[in-house]
Amino acid sequence: MKTLALLVALIISNFVAQAQKDTKGITITVTVPNVTSSDGKVMFGLYDESTFMKAGPIQSDKSEIKDGIAKITFTNVPEGVYAISCVHDANDNDRMDFEANGMPKENYGVSNNQMNLYGPPTWSEAKFDVGNKDLNLEIRM
């Protein structure tokens, strides 16, 4: 469990450090409507199957929280299959924090709002298709 916690922490800490690709594609707007406080920020990552829960995101962004809502936009996303994860970085330390037993201290969510009760989110639950139309997604924590 500690290995999993370290892996998730590494992935999320890379959100800020990842450069965004300069390609043409669609726009994905992501809204989190249920952030529990205005402390810190919400960090978002866009992944493909090869990077989901394994490496840094393809694109990343962070959002201020206003009235319990966080919102970002990923641009120039090529057609394909992707997943998005987000974490409420309440203490603003640019990473997801964990309890000693490996459980997250901070709220998080993934695309499709399918949360596994006994482990990290899975690719099959979080993936969605990107075609040729802009998308608006809502992720609940």
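Analyst: Let's start with S50, which sits in the loop that links β2 (41-47) to β3 (59-63). Is S50 buried or exposed? The relative accessible area of S50 is 52%. Exposed means over 50%, so S50 counts as exposed. Now look across to Y82: S50 and Y82 are 32 residues apart along the chain, and their C-alpha atoms are separated by 9.9 Å. Please keep in mind that this is a predicted model.

Next, find two aromatic residues, Y47 and F52. Both Y47 and F52 are buried, whereas S50 is exposed. How do the rings of Y47 and F52 sit relative to each other? A pair of aromatic rings is described by the distance of the centres and the angle of the planes. For Y47 and F52, the ring centres are 5.9 Å apart and the planes meet at 85°. Planes over 60 degrees apart count as edge-to-face, so that is the name for this pair. The structure holds 2 aromatic pairs, and Y47 and F52 belong with W123 to one aromatic cluster.

The relative accessible area of H88 is 3%. Buried means under 20%, so H88 is buried. Which residues does H88 touch, leaving aside those up to four places away in sequence? Among them are V35, T36, S37 and D39, along with K41 and V42. H88 also touches I65, E106, N107 and M141.

Now let's move to a sheet. It is an open sheet of 3 strands, in the order β4-β1-β8, and its pairing is mixed. The edge strands are β4 (70-77) and β8 (135-138), each of which pairs on one side only. On average, neighbouring strands of this sheet are turned by 20° against each other, direction ignored. Strands of a sheet pair through backbone hydrogen bonds, either parallel or antiparallel.

Both kinds of pairing can be followed from β1. Strand β1 (residues 26-32) and β8 run parallel and are joined by 4 bridges. Here you can find T29 opposite N136 in β8, and T31 opposite E138 in β8. Towards β4, the strands run antiparallel, and 6 bridges join β1 to β4. In that pairing, I28 has F74 of β4 as its bridge partner. How much of β1 is covered? Mostly, since 6 of its 7 residues are buried.

Finally, step back to the protein chain. It has 2 helices and 8 strands, and along the sequence they follow the pattern α-β-β-β-β-β-β-α-β-β. Of its 141 residues, 40% count as buried. Among the contacts with a separation of 6 or more, 73% are between residues 24 or more positions apart. The protein chain exposes about 7,600 Å², and carbon and sulfur atoms supply 48% of that area.

A word on confidence: the mean pLDDT of the protein chain is 87, and 84% of its residues reach 70 or more. Over residues 1-10, however, the pLDDT is below 50, and this stretch has 14 contacts in the model beyond near neighbours in sequence.

Definitions and conventions:
Residues are numbered from 1 along each chain as its sequence is written. This is a predicted model: local features need pLDDT of at least 70, side-chain atom pairs count only at pLDDT 80 or more; totals for chains, interfaces and linings use all residues. Side-chain values use heavy atoms; hydrogens and water are left out. pLDDT is the predictor's confidence in each residue, from 0 to 100. Contact means heavy atoms within 4.5 Å. Buried means under 20% relative accessible area, exposed over 50%, partly exposed in between (1.4 Å probe, protein chains only). Accessible areas come from the Shrake-Rupley method with a 1.4 Å probe; for residues, only the protein chains shown count as cover. Two strands pair if DSSP finds at least two bridges between them. Axes are lines fitted to C-alpha atoms, for helices over the stretch in contact, and angles run from 0 to 180 degrees between N-to-C directions. Rings of Phe, Tyr and Trp (its six-membered ring) pair if their centres lie within 6.5 Å; planes under 30 degrees apart count as stacked, over 60 as edge-to-face and the rest as tilted.
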